[in-house]
Amino acid sequence: MKILVTGGVRSGKSRHAEDLLDGAAHVTYVAPGRPADGSDPGWDARVAHHRARRPAHWHTVETADVAAAVRDARDAVLVDCLGTWLTAVLDEQELWEADARTISGEIEKRTDSLCEAVSLAHDVVVVTNEVGLGVVPSHRSGVLFRDLLGTVNQRVAAVCEDVHLVIAGRVLIL
């Protein structure tokens, strides 16, 4: 099973992804890591909320190297979420102000590695934000993020068997 679960913010996509792996004996939950600059004051509360919802036997890994975490997992994997991963990569590499070629090259390289890891995994569910459904600020960073995440989503979807769109807790299998 390789599934990309997408939807807007607070759509229920993470809960749906968790439900997909509910019967798995062991699950590695990969959280792509908190923003290095501390720009997300709600991070700890959201992580605690998600952790409390998950079964106690799920193993949590917080890392920006999601591809390595997926490759290293010996069980089912839930990656939550690609938007956070992309932000972590842009922060880690200090790419927000870099030129377009540098940004695209680094994100393409990281996405290649992630797609390879997902394609080799046995059971993996990847959660992402559907940027085509939301309002994106028209400034450079907003457009950059939207365009990059849209491309990442398409690439990951291409190596998955199914894509589930979640809107208001309702699921449409594409």
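Two residues are in contact when they have heavy atoms within 4.5 Å of each other. Keep that in mind as we walk through this predicted model, where local features need pLDDT of at least 70, side-chain atom pairs count only at pLDDT 80 or more, and totals for chains, interfaces and linings use all residues. Residues are numbered from 1 along each chain as its sequence is written, and side-chain values use heavy atoms, with hydrogens and water left out.

Let's start with Leu78. Leaving aside its neighbours within four places in sequence, Leu78 is in contact with Ala17, Glu18, Leu21, Val27, Thr28, Tyr29, Val30, Trp58, Val125 and Val127. You'll find Leu78 in strand β4. Strands and helices here are DSSP runs, numbered from the N terminus: a strand is a run of E with at least two residues, and a helix a run of H or I with at least four. Is Leu78 buried or exposed? Its relative accessible area is 0%, so Leu78 is buried. The cut-offs go like this: buried means under 20% relative accessible area, exposed means over 50%, and partly exposed is in between, using a 1.4 Å probe and protein chains only. Now look for Leu4: 74 residues separate it from Leu78 along the chain, and their C-alpha atoms are 10.0 Å apart.

Glu18 sits in helix α1, which covers residues 13-20. With 7% relative accessibility, Glu18 counts as buried. Skipping residues up to four places away in sequence, Glu18 touches Tyr29, His50, Arg53, Arg54, Trp58 and Leu78.

Tyr29 also turns up in the contacts of Thr60, along with Arg51 and Arg54, again not counting residues up to four places away in sequence. Thr60 belongs to strand β3, residues 59-62. At 24% relative accessibility, Thr60 counts as partly exposed.

Next come some details of the backbone. Follow β4 (76-80) towards α4 and you reach Cys81, in the loop between them. A cis peptide bond joins Asp80 and Cys81, with omega at about 10 degrees. Arg10 isn't a glycine, yet it has a positive phi of about 60 degrees. Arg10 lies in the loop between β1 and α1, and at 67% relative accessibility it counts as exposed. Ala168 is not a glycine either, and its phi is positive too, about 50 degrees. Look for Ala168 in the loop between β6 (162-167) and β7 (170-173); with a relative accessible area of 67%, Ala168 is exposed.

Now for the helices. Two packed helices are described by the angle between their axes and the distance between the axes. Here, axes are lines fitted to C-alpha atoms, for helices over the stretch in contact, and angles run from 0 to 180 degrees between N-to-C directions. Take α5 (residues 100-120) and α6 (residues 140-158): their axes come within 10 Å and cross at roughly 30 degrees. That makes α5 roughly parallel to α6, since angles under 35 degrees count as roughly parallel, over 145 as roughly antiparallel, 65 to 115 as roughly perpendicular and the rest as oblique. Ile103, Ile107, Glu108, Thr111, Asp112, Leu114 and Cys115 of α5 make the contact with Arg140, Leu144, Leu148, Val152, Arg155 and Val156 of α6. Those residues divide into 8 nonpolar, 1 polar and 4 charged. (Ala, Val, Leu, Ile, Met, Phe, Trp, Tyr, Cys and Pro count as nonpolar, Asp, Glu, Lys and Arg as charged, and the others, Gly among them, as polar.)Which residues of α6 are buried? They are Gly142, Leu144, Leu148, Leu149, Gly150, Val152, Asn153 and Val156. The buried residues of α6 pack against β1 (2-7), α4 (82-92), α5 and β5 (124-129).

Finally, α5 also meets α4. The axes of α4 and α5 come within 11 Å and cross at roughly 130 degrees, and the two helices are therefore oblique to each other. On the α4 side, the contact is made by Leu82, Trp85, Leu86, Val89, Leu90 and Glu92, and on the α5 side by Ile103, Ile107, Arg110, Thr111 and Leu114. This set divides into 8 nonpolar, 1 polar and 2 charged residues.

Terms used: Ala, Val, Leu, Ile, Met, Phe, Trp, Tyr, Cys and Pro count as nonpolar, Asp, Glu, Lys and Arg as charged, and the others, Gly among them, as polar.
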